[in-house]
Each structure stands twice: as C-alpha cells, then as structure tokens.
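The sequence and structure are shown first, and the points are then grouped by topic.

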Amino acid sequence: MPFETNADDTLLAKAAELRQAFHRDAVERDKQGGSPVEQIRLLKASGLPSAQIAREYGGQGASWLTILRIVREFAKTDGSLAHLFGYHHLPLNLILFRGSAAQKEKWLTGSAAGGWIWSNSGNALSKTSSGERTATGWIINGSRPFSSGTHIADYIQISWENADGARLTAAVPADREGIVIVNDWDGIGQRQTGSGTVRFVNLEVHDDELISSPDVPLTPYSSLTSLLQQSVLLNVFVGSAQGILEEGRGYTATSSRPWVYSGVERHTDDPWVKRQYGDLYIRTLAATELADKAARSLDAAYAEGPSLTAAGRGAAAIDVATANVYAGEVGLAVSSEVFEVMGARSATNANGFDRFWRNVRTHTLHNPAEYKKRTVGTWLLTGEFPVPAIYR
C-alpha cells in the first residue's frame, strides 16, 4: 500500500524485514503481554538501535524522518515494539542535549558499539521517588509509574526529587542493584511495553551519572525532547492506521462475505465497501503526509543545534501538534470503522484486529487532543508559540 517513499533506504528495508518477523506472532504476543525478548534480540542484531546516533559516536546519523518511518513500519503490526524503539531515542537525545562531553562519549559511543536499548523511569507528573545526598552521589528510594521499556532495557533514565522538590535525572545500568521492575502493566493496549512501575530500593546513583542540573535552564534546543516524544506517539498512531487498513483490505478481499441485500456476489464489488475503503485510505494518507511534514520540521530544528531559536522550535512544535492530533483521530477512526466493512466474522480474538484500536486508544488518552488543538488555535489566532514543557 503506497504510503511511504524512499523505500530503498537500507534502514527502512531492515525495518520492513523485521516487521515481517514481528508479524508472525504479533497477535499471540499481544494476548500474552510480558516481554518481547526474542523480538528485542532481533532488533539489536539489526543495528537499528544505533541508527540515529551521530557518526562521531559510532552511530549511523539517520534523520528523524527515517527513524519515525521505522516507528510507523513496526506499528503496522506491533504498536508495542514501535513504542519501545521510538522511546529508546528519548534518553539518548537527552544525553545529547544536556549531557557533558564525557557523558556523551561514554554513553553514546557505548550504546552504538553495544547496541544498547534505553528506556526511562522518570514520569514527570508523578513525584513518587526521592533521593538522599551522599558524599559521592545519591541514594534513591520510591517508585515511578509508566516506565516504558524498563523490562527489556540495558540502560534506564531515572528521575527523582530532592529535598527542595527539584527534579534530578540520571542514567544507570538496568541491572544495577536496587532497581526492581514490578511488571504490573495491565493496559488494554501496548501490552508488551512494560509501561508499569519501577521501584527504587536504596538505589545508588553516582555523581557522574547525573545528567545536567535543575538549575540549568532549558533552551529551545534542549527542550526538543518533548517534541521527540510526541513524534514517536503520532507515528505509532499513523502506523497503526496503515497496518489495520492493510490487514483489513486483505481480509475483505479473501474472507468477507457480501451483505445479503447488497446485490453483489463479491463483497469487494459493493459500492459501499469501495467508498468506505477509499475514505479510510484518504484519511490515512493525509495523516501520513502530516507526520512526514512534522518529521522534516523536527529534522530542521534538530540540525540547528544549540543555536536553535525559540521561533524555530515553536514552528516545529506547531507541526508536531497538528500531526499528533490528526494522527490520533485517524488512528482511532480507521482502526474502528474498518470492522464495518470487514464484517462480523472479523471481530474475533483469533484475528486480533482489535489490537490496533486498543494500542491507539491507550496512547491517545495520555495526551488529550483538546489541549493540542488549543495550542494550534492559539498560534493561528495570535502567532504565539507554545512555551516548551512536557507534552508541548
């Protein structure tokens, strides 16, 4: 189905191969939940986790357009793996934005050489972990929810609050003593993301593992992390729409039966079915184009580096917000409405088509479209860009 361009890109070709491997048991793994251990092994073996790391650190220097298209490719069959791959880039780029030269050399080079997978346990809205200062670092206790990817990670970005309520962030090996993966994620979708609770039990964090300081203000460049997060999510939505449309088309052509009053012998000859698929395709294509536009804006902002201006960052934020809202609406609509033209026999657990809607629904609830629309409307009416912050 012609949604993507640059299909000859070697990284996208690898992603397409992986997607076929992921597809073989995607429905069964969605039912089981837990950890996609074998799939993460294949992902690491492909070299894709280091694709976006700059060449100076041993990576491949891929654009965000390419990385986000890989997210979409995975989401065509498995939203969890798309999410894990996309979110892997958030701590890596936090290090790039706010880490010291030594930290960049250590962690980015190590990640590229070792094929590490990164995750985070630092939900900014839940101040449920705290740290006590020691002579050489911190001792962390408490927990953090929504810790996506910690169950399969090599390194984890963690956060806690100090005695003054300021938020601190560090990067630590996932196997360090004191990190307890609770494995309590029970979402209706994204069932293999491990997005549950991580507990910290006298976890030792060294001073050289702290990433920047809460006293260092965000710049337009270092605040791009929130746009990266939103970009990952919107491409999970778009890829999910693409995936269910592709699977729905195949099912309709081979398994759906014409409605008794349709007057046609084949379901695909029904004018209603043709019109419905045309409508779903058009909306999905429009969401894809907006996603690519936002990715190109992100690439342009990213390329500016520390010289990125507030206006440059703001323009990218509007493109990402616009794409995010529309992607969520289209992802929900397509993954639901396609059942109408697949027919009653499509709605079974064995087919597993419902996983697309459940995955999109789970993520869109974390980021209400209402507030994104207000952000875009405010800019349109006043020219005012959103102030950089979580989700903006």
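Predicted model: local features only at pLDDT ≥ 70, side-chain atom pairs only at ≥ 80, totals over all residues.

Which helix gives the most to the lining of the largest cavity? Helix H2 does, with three residues.

**Cavities**

- The count of cavities of 30 Å³ or more comes to two.
- The largest cavity holds about 80 Å³ of space.
- Its lining is formed by Ala26, Arg29, Asp30, Thr77, Asp78, Gly79, Ser80, Arg191, Gln192, Arg355 and Asn359.
- At least two lining residues come from each of helix H2 (26-32), H5 and H11.
- Sorted by class, the lining of the largest cavity contains one nonpolar, five polar and five charged residues.
- Thr150, His151, Ile181, Asn183, Asp184, Trp185, Gly194, Gly196, Thr197 and Val198 line the second largest cavity.
- In the second largest cavity the lining comprises three nonpolar residues, six polar residues and one charged residue.

- The largest pocket has about 1100 Å³ of space.
- It is lined by 45 residues, and those closest to its centre are Gly122, Ala124, Gln157, Arg167 and Ile390.
- Two or more residues of this lining are given by each of helix H5 (79-87), helix H6 (89-98), strand E4 (155-161), strand E5 (167-173), H8 and helix H11 (354-364).
- The lining of the largest pocket consists of 19 nonpolar, 21 polar and five charged residues.
- For the second largest pocket, the volume is about 240 Å³.
- Its lining has 14 residues, with Arg257, Trp259, Met342, Gly343 and Ala344 nearest the centre.
- Helix H10 (residues 310-342) provides the largest share of the lining of the second largest pocket, namely three residues.
- Seven nonpolar, four polar and three charged residues make up the lining of the second largest pocket.

**Packing of H8 against H9**

- Helix H8 (residues 225-254) and helix H9 (residues 271-304) have axes that come within 10 Å and cross at roughly 155 degrees.
- Angles over 145 degrees count as roughly antiparallel, and H8 and H9 are therefore roughly antiparallel to each other.
- The crossing of H8 past H9 is left-handed.
- On the H8 side, the contact is made by Leu227, Leu228, Ser231, Leu234, Asn235, Val238, Ala241, Gln242, Leu245, Gly248, Arg249 and Thr252. On the H9 side, the contact is made by Val273, Tyr277, Leu280, Tyr281, Thr284, Ala287, Thr288, Ala291 and Leu298.
- The contact of H8 with H9 includes 13 nonpolar residues, seven polar residues and one charged residue.

**Packing of H4 against H8**

- The axes of helix H4 (residues 64-75) and H8 cross at roughly 40 degrees and come within 7 Å.
- H4 and H8 are therefore oblique to each other.
- H4 and H8 form a right-handed crossing.
- From H4, the residues Trp64, Leu68, Val71, Arg72 and Ala75 meet H8. Their partners in H8 are Leu228, Ser231, Val232, Asn235, Val236, Val238, Gly239, Ser240 and Gln242.
- This contact of H4 with H8 has eight nonpolar residues, five polar residues and one charged residue.

**Packing of H4 against H9**

- H4 and H9 have axes that come within 8 Å and cross at roughly 145 degrees.
- The crossing of H4 past H9 is right-handed.
- Trp64, Leu65, Leu68, Arg69 and Arg72 represent H4 in this contact. In H9 they meet Thr288, Ala291, Asp292, Ala295, Arg296, Leu298, Asp299 and Tyr302.
- By class, the contact of H4 with H9 divides into seven nonpolar residues, one polar residue and five charged residues.

Note on methods
Residues numbered from 1 in each chain as written. Heavy atoms only, no water. Axes fitted to C-alpha atoms, helices over the stretch in contact; angles between N-to-C directions. Helix = DSSP H or I, 4+ residues; strand = E, 2+ residues; numbered from the N terminus. Parallel < 35°, antiparallel > 145°, perpendicular 65-115°, else oblique. Left-handed = near helix turned anticlockwise from the far one by under 90°. Contact = heavy atoms within 4.5 Å. Nonpolar A, V, L, I, M, F, W, Y, C, P; charged D, E, K, R; others polar. 1 Å grid on protein atoms, 1.4 Å probe; cavity = no way out; pocket = protein on both sides within 12 Å on 5 of 7 lines; lining within 4 Å. Points joined across faces, edges and corners; volume = space filled by probe spheres on them.
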